[in-house]
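Here is a brief report for a reader meeting this structure for the first time. It starts with the sheet, moves on to the helices and rings, and ends with the charged pairs.

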Amino acid sequence: MAVDVRWATTEDAEALATVLCEMATHYRQAPLDHGRAAASARQWLGDESPAYPHFALAFAGGEVAGLASVAIAHPGIDLERLMFLKDLFVRESARNRGVGEALVSFLAGHCLDKGIGRIDLTSEDWNEGALRFYARLGAERHGQKIFLRLSGEALRTAAKI
């Protein structure tokens, strides 16, 4: 199956919303309202800088098949930019058809073209399929860092410091 991957634009808001709704269910979240998801997608895509797009979409057979949500971080102590892969999601109907590989290949090619030295990512510990997928690609578990989060009340408290 041929898979086409491209950076999402505002015209892709409905396609992005379709994947976000399916992704919420997969990740055991409350179902998303498609209209609300599409409105959010239009806003996010409209706010993005062309230099640092945040969503790559994969299409197969004319249908949206998956997404990658990324952020580019500027240099740290090693003076090398990195891409953080927040989410990689392939719709159930498109799994095991090369969509995930096409998305990662697209991102890796972008990194090489733009002088971005690495892709960092996380995965839920229960998502054995994702862990196997990343291992097949050669991703190493990087035990030097601990994933932390400020959200909810902690985020509000930090804002008041």
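## Sheet, rings and charges

Strand β1 and strand β2 (residues 55-60) run antiparallel and are joined by five bridges. Within this pairing, Val-5 stands opposite Ala-58 of β2. The model is predicted.

β1 and β2 belong to an open sheet of five strands. The order is β1-β2-β3-β4-β5, and the pairing is mixed. Which strands form the edges? They are β1 (3-7) and β5 (118-121), and each pairs on one side only. On average, neighbouring strands of the sheet are turned by 30° against each other, direction ignored. As a general point, strands of a sheet pair through backbone hydrogen bonds, either parallel or antiparallel.

Helices pack on this sheet too. Helix α1 touches β2, β3 (63-73) and β4 (82-90). The direction of α1 makes about 85° with that of β3. Helix α3 (residues 99-114) also packs on the sheet, touching β1, β2, β3, β4 and β5. Its direction makes about 165° with that of β4.

Now the aromatic rings. How many aromatic pairs are there? The count comes to five. One of them joins Trp-7 and Phe-106, with ring centres 5.1 Å apart. Their planes stand at 65°, so this pair is edge-to-face. Trp-7 lies in strand β1 and Phe-106 in helix α3, so the pair ties together parts that are 99 residues apart in sequence. Phe-106 counts as partly exposed, at 23% relative accessibility.

Tyr-27 and Phe-89 form a tilted pair, 6.3 Å centre to centre, with 50° between the planes. Tyr-27 sits in the loop between α1 and α2, and Phe-89 in strand β4, so this contact ties together parts that are 62 residues apart in sequence. Are these two residues buried or exposed? Tyr-27 counts as buried at 17% relative accessibility. Phe-89 is buried as well, at 2%. Ring pairs link Tyr-27, Phe-89 and Trp-126 into a cluster.

Side chains of opposite charge can pair when their charged atoms come close. Across the whole structure, a search finds eight salt bridges. The table shows some of them.

| Salt bridge | Closest N and O atoms |
|---|---|
| Glu-14 and Arg-42 | 3.4 Å |
| Glu-92 and Arg-95 | 2.6 Å |
| Arg-156 and Glu-153 | 3.4 Å |

Glu-14 and Arg-42 form a salt bridge that links distant parts of the chain. Glu-14 is in helix α1 (residues 13-26) and Arg-42 in helix α2 (residues 34-47), 28 residues apart. Both ends are partly exposed: Glu-14 has a relative accessible area of 42%, and Arg-42 has 41%.

In the salt bridge of Glu-92 with Arg-95, Glu-92 counts as exposed, at 55% relative accessibility.

Where do Arg-156 and Glu-153 lie? They are three residues apart in helix α5 (residues 152-159), so about one helical turn separates them. Arg-156 is partly exposed, with a relative accessible area of 47%. Glu-153 is also partly exposed, at 49%.

Asp-4, Arg-6 and Asp-12 are linked in a network of them.

Technical notes: Residues are numbered from 1 along each chain as its sequence is written. This is a predicted model: local features need pLDDT of at least 70, side-chain atom pairs count only at pLDDT 80 or more; totals for chains, interfaces and linings use all residues. Side-chain values use heavy atoms; hydrogens and water are left out. A salt bridge is a side-chain nitrogen of Lys or Arg within 4 Å of a carboxyl oxygen of Asp or Glu. Helices (H or I, at least four residues) and strands (E, at least two) are DSSP runs, numbered from the N terminus. Buried means under 20% relative accessible area, exposed over 50%, partly exposed in between (1.4 Å probe, protein chains only). Two strands pair if DSSP finds at least two bridges between them. Axes are lines fitted to C-alpha atoms, for helices over the stretch in contact, and angles run from 0 to 180 degrees between N-to-C directions. Contact means heavy atoms within 4.5 Å. Rings of Phe, Tyr and Trp (its six-membered ring) pair if their centres lie within 6.5 Å; planes under 30 degrees apart count as stacked, over 60 as edge-to-face and the rest as tilted.
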